[in-house]
Amino acid sequence: MLRSPEVTVRAGAVFPMFLIYENPGPLAGVTLGWRLAQRLELVARGEAGALFFDGIQRYQAKLGVGVRLMPWPKWPVSPWVQLGVGTTAHAERVGVVLPERTASATDFGAVVTADASLGVRIVQRFEVGLGWDHIVVPWSYYSVYMGNEADPHRGYALAWFGVKL
């Protein structure tokens, strides 16, 4: 039976891997970890991020689950590696200012991702991590469009600092 989870609150940045635009944006999240064995944890994560560029705003929310391996869990600086899957929903608003009016459109979608992360726990309380959420099932627009930019969105890179509560 699973015990109460360890809760880690995270803040960091999300880096979109879109070939033509968008800058890194803020990321906030929470990780729940249930100890399965001395060196193995079941991890659930939820996070929200935002990306901005001239005329474009993308807001996203992520839910994922994975397994975390910690080779030396009692060390003051304890490295870990994590593999998992997740889904990311987004809302993207694109606007163009024309001489007499503003034109805009909003796109909604979701992707399924395969996730890999690595990081360290410092004195069993603080966490620093890097991750990659690779898109394995894209939203419908990119699966039907056949131009040169048919699948420019490969995934999201993440960097964060967390504090265990």
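Me: Hi! Which strand does Lys62 lie in?
Reply: Lys62 lies in strand β4, residues 56-69. Strands here are DSSP runs of E with at least two residues, numbered from the N terminus. Keep in mind that this is a predicted model, where local features need pLDDT of at least 70, side-chain atom pairs count only at pLDDT 80 or more, and totals for chains, interfaces and linings use all residues. Residues are numbered from 1 along each chain as its sequence is written, and side-chain values use heavy atoms, with hydrogens and water left out.

Me: Okay, is Lys62 buried or exposed?
Reply: Lys62 counts as buried, at 4% relative accessibility. Buried means under 20% relative accessible area, exposed means over 50%, and partly exposed is in between, using a 1.4 Å probe and protein chains only.

Me: What joins the side chains of Lys62 and Asp133?
Reply: A polar contact of 3.5 Å joins them. That term means a pair of N or O atoms within 3.5 Å; within protein, one must be able to donate a hydrogen and the other to accept it, and residues adjacent in sequence count only if both atoms are side-chain atoms.

Me: And where does Asp133 sit?
Reply: Asp133 is in β7, with Asp115 standing opposite. Lys62 touches both Asp115 and Asp133, where contact means heavy atoms within 4.5 Å.

Me: How many bridges pair β6 and β7?
Reply: Strand β6 (residues 102-122) and strand β7 (residues 126-137) pair in the antiparallel sense over 11 bridges. Two strands pair if DSSP finds at least two bridges between them.

Me: Zooming out, what do the strands close into?
Reply: A barrel! It has 8 strands in the order β1-β2-β3-β4-β5-β6-β7-β8, with antiparallel pairing.

Me: New topic: where is Thr31?
Reply: Thr31 is in strand β2, residues 25-37. Thr31 is buried too, with a relative accessible area of 6%, and its side chain makes a polar contact of 3.0 Å with the side chain of Arg10.

Me: What about Gly29, which strand is that in?
Reply: Gly29 is found in strand β2. The C-alpha atoms of Gly29 and Arg10 are separated by 5.0 Å, although these residues are 19 apart along the chain.

Me: Last one: which residues make up the largest nonpolar core?
Reply: There are 8 residues: Val14, Leu27, Leu51, Met70, Trp80, Tyr156, Leu158 and Trp160. Strand β8 (residues 155-164) gives the largest share, 3 residues. A nonpolar core is a set of buried Ala, Val, Leu, Ile, Met, Phe, Trp, Tyr and Cys residues joined through side-chain atoms within 4.5 Å.

Notes: Helices (H or I, at least four residues) and strands (E, at least two) are DSSP runs, numbered from the N terminus. Lists of a residue's contacts leave out its neighbours within four places in sequence.
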